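Thanks for making the time.

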Amino acid sequence: MRYIAVLMLCMLVLLPTACSQVTTQQVLATSHIAAPPTSGLKRTAQPDPFHDQRLQMVEKTIAGRGVKSEIVLQAMREVPRHEFTPPDYLDQAYADHPLPIGYGQTISQPYIVAWMTEMLALESGDKVLEIGTGSGYQAAVLAALGGVEVYSIEIVPELAASAAGRLESLGYQVNVKQGDGYYGWQEEAPFDAIIVTAAPDHLPAQLVTQLAPGGRLVIPIGPPGSYQSLWKFELDQDGKLKAYNMGGVAFVPFTGQGIEQATAVPTP
Ligand SMILES: C[S@@+](CC[C@H](N)C(=O)[O-])C[C@H]1O[C@@H](n2cnc3c(N)ncnc32)[C@H](O)[C@@H]1O
């Protein structure tokens, strides 16, 4: 039943074949630092010069724009975005917009990070997969929710390595792997939630097959270099996938062999 629903969705949402090839991927880091009760952050005694700016950002541009989940707001208050921001942009670390992180990629806008995290509706004991580690900021926010097992895949080797190192040194428990997230992370599936932070032009079917019953998948879908729609998919206990269009967003394009081959060879 679940697979019929997925197949129907694939046909409806222009889905190319769910390719079976798996790219060579490497697990870069898994830090296992015990999380404190309210967060995955390893605390240091050093004062945080951005503390007030961060609280202001959360109240004004995140809670103020409608994010209600207290655990998400608390994670956003705790995660030091300036640690994920390149030195040249430190003065904008708490401005509500994306910033360049090199390799043509960005650290996402804080409001979008919080909004998408809220949509995942994570609970203690859940397992979540992020596609598009980038700087590691979104992964840190997921880890800071506490009690959630976090996996993240990044396609750009240099970003994967730097994010893994940064997350580990800040004390976030995140499993980071370099590879093409089009295929998900089969060995660790199923996931209670999957978040995709780059925009493919269709829903990668293998991500759907790696969702647990009751799972949530949040993903921007649309043409590269343009605006996309943010979709929330929910897989019910009977394997039926429900789709909700949450509104317009602008993400960097989803890259890699998986998406390129899928668009070149459409499903019969
Ligand atoms: C908007 S950035 C991510 C921001 C990131 N979540 C953060 O908090 O900094 C999108 C990321 O997705 C990555 N990406 C694009 N296509 C990918 C793919 N097929 N598999 C894994 N990562 C991919 C990009 O290299 C980029 O780092």
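Which strands and helices each supply at least two residues of the shell around the ligand? They are strand 3 (105-107), helix 5 (137-144) and strand 5 (149-154), where helices (H or I, at least four residues) and strands (E, at least two) are DSSP runs numbered from the N terminus.

Before going on, please keep in mind that this is a predicted model, in which local features need pLDDT of at least 70 and side-chain atom pairs count only at pLDDT 80 or more, while totals for chains, interfaces and linings use all residues. Residues are numbered from 1 along each chain as its sequence is written.

Strand 3 gives the largest share of the shell, three residues. Around the ligand there are 25 residues, of which G132, G134, S135, Q138 and G181 come nearest; being near a molecule requires a C-beta atom, placed from the backbone, within 6 Å of it.

Q138 also belongs to helix 5, where it is buried along with Y137, A139, A140, V141, L142, A143 and A144, buried meaning that 20 or more other C-beta atoms, placed from the backbone, lie within 10 Å of the residue's own. After helix 5 comes G146, with a positive phi near 85°.

Now to I155, in the loop between strand 5 and helix 6 (157-170). I155 counts as buried because it has 24 C-beta neighbours inside 10 Å. Leaving aside neighbours within four places in sequence, I155 is in contact with G179, D180, G181, T255 and G256, contact being C-beta atoms, placed from the backbone, within 7 Å.

Technical notes
A residue is buried if 20 or more other C-beta atoms lie within 10 Å of its own, exposed if 12 or fewer, and partly exposed in between; C-beta atoms are placed from the backbone. Two residues are in contact if their C-beta atoms, placed from the backbone, lie within 7 Å.
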